[in-house]
Amino acid sequence: MTGGESETRGKPIRCRAAISRQPGEPVVIEEVMVAPPMAGEVRIRIICTSLCQSDITFWKLKVPPACFPRILGHEAVGVVESVGENVSEVEEGDRVLPTLIPECGECKGCRWEKSNLCSKFPFEVSHLMPRNKSSRFTDLNGEIIYHFVHVSSFSEYTVVDIANITKIDPAIPPNKVCLFSCGVSTGVGAAWRTADVEKGSTVVIFGLGAIGLAVAEGSKLCGASRIIGVDINPEKFEIAKKFGVTEFVNSRDCGGKPVSQVIVEMTDGGADYCFECVGFASIVLDAFASCRKGGGKTIILGVDRPDATLSLNSFEMLHHGKTLMGSFFGGLKPKSHIPILLQRFMDKELNVDNFITHEMKFEDINKAFDLLIQGKCLRCVMWMDK
């Protein structure tokens, strides 16, 4: 930057990116060309990015919406390098969070208080930019490289629609604020906005990965009195205590009982709120069976395969009075609600330090994949310039 202006504005940028060329194979650090932003778009320089379980899911996927070659990554923080026409919300040098979910602020979905699903730019696991359905990435041979959920943060530079950009305070440390781009916002938001957890309530969380622990953090913030974690790894309980989990159930050691029966007995009839944070239809059913009749809520956050289905008993749905619902991005509107969470972080009401278990250079990204797949990390933050 010189004189407040970008020397690269309007020109393609050559930079490094981690390209996924085949499902399940190690990503490859290559040089790519990143085209200038078009109307309604922003080109940003990524400061740091972290790996999310959703990246793993789509990295492995062999059927649509799988698409290769592709630049994955969607949890990051960056600096605006240049903006396209009709962009006034941010300017060069602004610190921003890209998010997989948009908020245009104009459509029916964005104006409705109960929804966070933009109807002008409906979410899809898209491989192209939302406005003109084209890519801003090519490799050095001219081959098109595809986008991932409107972000593609595994690149030193990326182009994101302004609807998917939230301006933030540059004083917040990048390695911490980048987690609000997806995981922390999703989990905390699910407890705060989707479930509306009340003070004194009982919460059960199935899956104590980063999203499940963010739900615990959010439930604690809302005043839940009991937060029960369910996982197959008992070693996670000690970690989960730091996020507010008060009790633990090993779903593989329930004395021959279904895990839902154990939960119902522990909670005298079922939990007020159950959160499924793994991404398996069978666990959704376990969670639903664990919430109490007459008002219990089960919230789905785990990302399952696109073809996964649920089978529920219609008679029980009617007579048990339970609610089963999805929570996409924690029910948050990014531009409206992320600043609220960031203020609570700045006020030391919300703790994110314990999520960051590893930090490394961007070129070590395959090590980050290995750590997350092996369950040895919560969030691995990768720095572009370290």
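**Helix, rings, sheet and spaces**

Author: In helix 4 (183-194), the buried residues are G183, V184, S185, T186, G187, V188, G189, A190, A191 and T194. This is a predicted model: local features need pLDDT of at least 70, side-chain atom pairs count only at pLDDT 80 or more, and totals for chains, interfaces and linings use all residues. Residues are numbered from 1 along each chain as its sequence is written, and side-chain values use heavy atoms, leaving out hydrogens and water.

Reader: Why is helix 4 called largely enclosed?

Author: Ten of its twelve residues are buried, so the rest of the structure largely encloses helix 4. Buried means under 20% relative accessible area, exposed over 50%, partly exposed in between (1.4 Å probe, protein chains only). Helices (H or I, at least four residues) and strands (E, at least two) are DSSP runs, numbered from the N terminus. After helix 4 comes D196, with a positive phi near 55°.

Reader: Why is I239 called partly exposed?

Author: Its relative accessible area is 40%. That lies between the cut-offs of 20% and 50%, so I239 is partly exposed. I239 sits in helix 6 (residues 236-241).

Reader: What makes the pair of F58 and F148 tilted?

Author: Two numbers. Rings of Phe, Tyr and Trp (its six-membered ring) pair if their centres lie within 6.5 Å; planes under 30 degrees apart are stacked, over 60 edge-to-face, the rest tilted. For F58 and F148, the centres are 5.6 Å apart and the planes stand at 55°, so the pair is tilted. The two residues are 90 apart in the chain: F58 is in helix 1 (residues 53-60), and F148 is in the loop between strand 7 (144-145) and strand 8 (157-161).

Reader: How do you know that F148 is buried?

Author: Its relative accessible area is 1%, under the 20% limit, so F148 is buried. F58, at 10%, counts as buried too.

Reader: How do you know that K241 lies over the face of F237?

Author: A charge sits over a ring if NZ of Lys or CZ of Arg is within 6 Å of the ring centre and within 35 degrees of the ring normal. K241 is 4.8 Å from the ring centre of F237 and lies over its face. R193 lies over the face of W192, at 5.9 Å from the ring centre.

Reader: What leaves one side of strand 1 and of strand 7 without a neighbour in the sheet?

Author: Their place in the order. Four strands form an open sheet, 1-2-6-7, with antiparallel pairing. Strand 1 (13-19) and strand 7 stand at the edges with a single partner strand each, so one side of each has no neighbour in the sheet.

Reader: How do you know that strand 6 and strand 7 pair?

Author: Pairing takes at least two bridges found by DSSP. Strand 6 (residues 137-139) and strand 7 have two bridges, in the antiparallel sense. T138 has I144 in strand 7 as its bridge partner.

Reader: How does the lining of the largest cavity divide by class?

Author: It has six nonpolar, two polar and no charged residues. Ala, Val, Leu, Ile, Met, Phe, Trp, Tyr, Cys and Pro count as nonpolar, Asp, Glu, Lys and Arg as charged, and the others, Gly among them, as polar. Residues with an atom within 4 Å of a point line a cavity, which is a set of points on a 1 Å grid over the protein atoms alone where a 1.4 Å probe fits but cannot get out. L100, P102 and F121 are among the lining residues here.

Definitions and conventions:
1 Å grid on protein atoms, 1.4 Å probe; cavity = no way out; pocket = protein on both sides within 12 Å on 5 of 7 lines; lining within 4 Å.
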